[in-house]
Amino acid sequence: MASLGFTSNFFLVENGGSDAVDLRTLVAVSKPLVRSVGLQKSCSKSKDWSLRACSRELGTARAAPGTATAVAVDDGVARGEVKDGVLRVGVICGGPSAERGISLNSARSVLDHIQGEDLHVSCYYIDCNLNAYAISSAQAYSNTPADFDFKLKSLAQGFCSLSDFAAHLAASVDIVFPVIHGQFGEDGGIQELLERYNIPFVGTGSSECCQSFDKYEASLELSKHGFATVPSFLVQGLEANEAELAKWFERNQLDPVFGKVVVKPARAGSSIGVTVAYGTADSLKKASEIISEGIDNKVIVEIFLEGGNEFTAIVLDVGSGFNSHPVALLPTEVELQFSSNVDVREKDAIFNYRRKYLPTQQVAYHTPPRFPVDIIEDIRKGASLLFKRLGLRDFARIDGWFLPSKHLSPSKEVFGANDYGTIVFTDINLISGMEQTSFLFQQASKVGFSHSNILRSIINHACLRFPDLASHKDLPGHLPRVENSSQLAETSRKLEKRRKIFVIFGGNTSERQVSLMSGTNVWLNLQAFDDLEVIPCLLAPSNQHPLGTALSGKDFQLSSWAVWSLPYSLVLRHTTEEVLAACVEAIEPSRAALTSLLREQVMSDLMEGLRKQKWFSGFDIADELPVKYSLEQWILQAKEVQATVFIAVHGGIGEDGTLQSLLENEGVPYTGPGVMASRTCMDKVSTSLSLSNLAKLGVLTIRKEVWSKKDLLNTPILDVWQGVISELQCESICIKPARDGCSTGVARLRCIEDLKVYVKALEEGLLRIPSNSFSKAHGMIEMPNPAPEFLIFEPFIETDEIIMSSKTTNENASGLMWEGLSRWVEITVGVIGKRGSMHSLSPSVTVKETGDILSLEEKFQGGTGINLTPPPLSIMSDEALERCKQRIELIANTLQLEGFSRVDAFVNVDTGEVLIIEVNTVPGMTPSTVLIHQVILTVLKLR
């Protein structure tokens with residue numbers, strides 16, 4: 001097997017065998033990470049890559065209260081690093097709204113896909129108090145703004161005022177790309193600032209933003225322009241008139257006590273604060289809660305649209321300058337799905353924040369929608385018309401509903417009313433989310449745009465409005481033009497020499513959705529390398545084994561599995577179920593024909609405007625179909641084309657040594673540890689046993705009690721509880737699946753009643769345990785599907801609470817509060833290298849925002865979860881940190897890890913002793929993975 005390792009010169013080299021995996025398979029988590037740590041080819045004929053000394057500081061110094069270190073920001077402008085003719089783009093993220101975490105995700109995605117030799121990106125951040133900072137690109141790869149908010153004064157270039165910030169932008173960038181969602185980003189705030197200083201920017205102007213962002217004002221404007229709207233009632237301030245609201249209920253034939261409505265802020269996005277209410281009293285109560293929580297002082301009460309079909313459409317302006325020519329791409333239907341008892345009870349289901357941004361089987365997307373063709377065309381026509389009439393610019397996302405005739409009875413003169421029903425546009429998103437699998441990229445890829453091409457097209461279009469940017473109007477998209485046959489032949493030769501990488505993700509465990517996120521990120525970013533041909537592949541059960549069936553260990557059979565080789569657009573989904581359904585749908589003849597017809601129509605509409613633009617080098621995503629293989633066929637195909645397999649399958653056969661063994665048997669190189677190490681680390685009990693002799697060296701293990709699900713269900717609960725707490729000698733226990741990860745099924749149990757709730761969830765096969773089901777408040781707990789056969793009880797380890805705040809008013813305060821009573825904190829740390837000489841990256845302290853267990857969101861959803869990298873000096877000294885890293889390396893080498901893995905543990909901040917939790921041989925590689933910051937910091941220390 002081939003894997004990765006370190007030489008004394010910090011080169012990553014292959015560990016035995018030929019044609020091994022090179023460094024890019026490690027740093028595939030982020031293309032900008034490759035740039036940031038300064039990866040360069042050491043020889044044009046060699047596949048080896050080296051880590052050179054970085055030319056700029058990335059802002060990862062350890063922060064202590066009251067200390068400040070001078071840090072040069074990675075803008076490349078002041079030092080004259082940007083060449084003539086290079087477009088300087090300033091990406092601004094953050095903002096005061098609860099969407100600032102999503103904004104950081106969008107900034108990261110823009111960075112991933114636009115920066116190149118012809119375009120330089122500088123990053124800027126607005127905190128929740130509207131203070132502006134120039135930050136390094138490294139900070140954009142934080143999981144959440146809270147990762148660095150508390151140390152901005154020491155790690156970033158701050159500006160005394162927004163006016164100073166604007167003056168800096170005017171001198172340092174050619175055009176601004178605002179990616180602030182919600183307040184100050186979509187309400188016209190940042191746009192007004194930029195307009196005042198005559199700074200070119202991407203997107204809609206300030207006055208149009210202000211009007212469109214306010215849902216109530218936008219509804220009035222839509223009605224004025226002849227569009228159907230949802231009946232609504234405005235609540236302003238805490239002194240609302242219940243009598244007036246009761247009259248509104250009566251006019252709309254709603255019961256004043258039980259009538260179902262939606263209550264939402266007029267000026268907030270991402271479904272923040274959106275809730276369902278029943279009757280007038282409940283409506284006013286929930287409106288008051290939105291106001292008192294400071295989300296908005298302007299609240300809308302709307303009819304709940306039962307039975308309607310929600311959709312969203314991206315609109316792209318392909319006109320010239322101020323001559324608008326909006327074209328709606330293929331819309332997406334948003335389908336809420338309910339399949340289990342716990343879902344059925346969620347009668348107040350809406351497309352909320354969690355469903356928008358975290359992979360969930362509760363939502364499925366269909367692009368194009370499963371509507372009649374005439375309805376799809378009317379949605380596209382209406383969205384384009386709305387875009388133009390509201391004076392929007394460059395791009396936007398417009399949401400709405402297709403309603404059966406019984407919902408609304410508008411005049412036939414109202415746009416969108418026909419025999420099928422009524423099209424209602426409800427929300428205008430001026431700065432659409434730009435996460436990797438967002439609607440922008442889903443819909444763009446369906447009509448031929450890669451991520452890079454659509455983003456660069458948006459920037460190019462914005463440049464047309466500013467004569468001073470004329471020299472940048474030919475900024476190419478993702479693919480250069482091929483001018484003649486000799487260039488075409490040279491391109492063909494290069495393509496033939498490209499090295500094939502098969503990125504495999506999916507599987508059948510509760511971790512499969514995180515695997516999709518990891519695999520998608522790896523696939524997208526490895527495409528940055530011209531000498532690689534990267535093929536995304538979905539591992540899924542074969543037809544006779546539906547998702548959710550256990551297919552590993554003793555039940556494993558090659559015939560149980562299929563692998564789908566995926567075209568670009570089919571990867572951009574939120575769940576493996578959705579990808580698999582899209583594959584089946586794509587090869588269904590009638591659906592494929594319809595999609596192709598609609599795609600051609602949209603591309604034709606786009607080309608009416610784009611053919612006039614010199615910068616547009618053509619569409620770069622082909623209309624391809626998925627290809628299905630058996631697992632055995634796929635491995636033989638990898639062998640035949642001499643491909644390297646990047647394993648991004650978390651849990652199950654991807655992490656227990658099964659897939660590794662199959663690949664080794666055919667001589668196919670792959671990433672990560674070998675067969676035996678994978679098997680050991682997959683089993684938490686085996687991991688502990690393998691490390692049990694290291695106690696004298698400062699490596700401790702947690703006592704475990706293993707129960708089968710069968711015994712747990714058939715033993716009296718009282719006997720289970722008393723037996724476990726007696727054996728483990730503790731009062732509070734942690735229960736977790738023996739062979740699952742990603743926090744699924746992990747819970748703290750304080751009493752026998754908590755155990756009863758957990759066992760009942762196992763017995764009923766619940767997909768999730770609702771919030772606050774236990775004796776103490778907690779968040780929702782995702783449960784493994786299928787239910788685990790074995791479970792582990794452990795003593796619950798108490799760690800010291802760490803509180804983060806960016807709203808401190810004391811200039812000398814760090815925004816980090818930690819009492820340090822128990823002296824233990826939880827960490828996660830990457831290890832990398834060759835077997836026997838693994839190197840520990842800088843640990844990150846993980847901060848739980850709610851409850852006792854890190855949630856699925858906090859671990860893997862960008863914009864949530866706090867990781868302090870490196871541990872602040874106020875928590876852990878340099879000496880203790882170094883001892884901790886030495887023990888992490890001892891763990892990695894004892895377990896015979898190689899390539900790269902992640903260790904989760906508790907660490908004593910005084911002694912550096914490590915109490916092991918688990919080892920992940922296929923760690924998460926999502927866009928915001930903490931491994932990125934750890935690699936950056938490690939490289940900087942070696943300069």
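A polar contact is a pair of N or O atoms within 3.5 Å; within protein, one of the two must be able to donate a hydrogen and the other to accept it. Keep that in mind as we look around this predicted model, beginning with a residue that reaches out in two directions.

Asn 418 sits in strand E19, which covers residues 417-418. Is Asn 418 buried or exposed? Its relative accessibility is 19%, so Asn 418 counts as buried, because the cut-off for buried is under 20%. The side chain of Asn 418 reaches the backbone nitrogen of Tyr 420 at 2.9 Å. With the side chain of Asp 378, the side chain of Asn 418 makes a polar contact at 3.5 Å.

**The protein as a whole**

Let us step back for a moment. The protein has 943 residues, and 62% of them count as buried. Its secondary structure comprises 30 helices and 40 strands. If you take the contacts between residues at least 6 apart in sequence, 72% of them join residues at least 24 apart.

**Two helices side by side**

Two packed helices are described by the angle between their axes and the distance between the axes. Here, the pair to look at is helix H13 (residues 373-389) and helix H20 (residues 589-610). Their axes come within 12 Å and cross at roughly 25°. Angles under 35 degrees count as roughly parallel, and H13 and H20 are therefore roughly parallel to each other. The crossing of H13 past H20 is right-handed.

Which residues of H13 meet H20? They are Val 373, Ile 376, Glu 377 and Arg 380, and on the H20 side they meet Leu 594, Leu 598, Gln 601, Val 602 and Asp 605.

**Helix H6 and its cover**

Helix H6 spans residues 189-196, and its buried residues are Gly 189, Ile 190, Gln 191, Leu 193 and Leu 194. What lies over them? The cover includes strand E5 (87-94), helix H5 (162-172), strand E9 (175-178) and helix H7 (206-213). After H6 comes Asn 198, with a positive phi near 55°.

**Backbone details in the loops**

| Cis peptide bond | Omega |
|---|---|
| Thr 367 to Pro 368 | near 0° |
| Thr 869 to Pro 870 | about -10° |

To find Pro 368, look in the loop between strand E17 (363-366) and H13. Pro 870 lies in the loop between strand E38 (866-868) and helix H29 (878-894).

Where is Gln 642? Its place is in the loop between helix H21 (631-640) and strand E25 (644-647). The phi of Gln 642 is positive, near 60°, in a residue other than glycine. Gln 642 is exposed because its relative accessible area is 57%, and the cut-off for exposed is over 50%.

Asn 772 also has a positive phi, of about 60°, although it is not a glycine. You will find Asn 772 in the loop between strand E30 (768-769) and strand E31 (781-782).

Conventions
Residues numbered from 1 in each chain as written. Predicted model: local features only at pLDDT ≥ 70, side-chain atom pairs only at ≥ 80, totals over all residues. Heavy atoms only, no water. Axes fitted to C-alpha atoms, helices over the stretch in contact; angles between N-to-C directions. Helix = DSSP H or I, 4+ residues; strand = E, 2+ residues; numbered from the N terminus. Parallel < 35°, antiparallel > 145°, perpendicular 65-115°, else oblique. Left-handed = near helix turned anticlockwise from the far one by under 90°. Contact = heavy atoms within 4.5 Å. Buried < 20%, exposed > 50% of the residue type's maximum accessible area, 1.4 Å probe, protein only.
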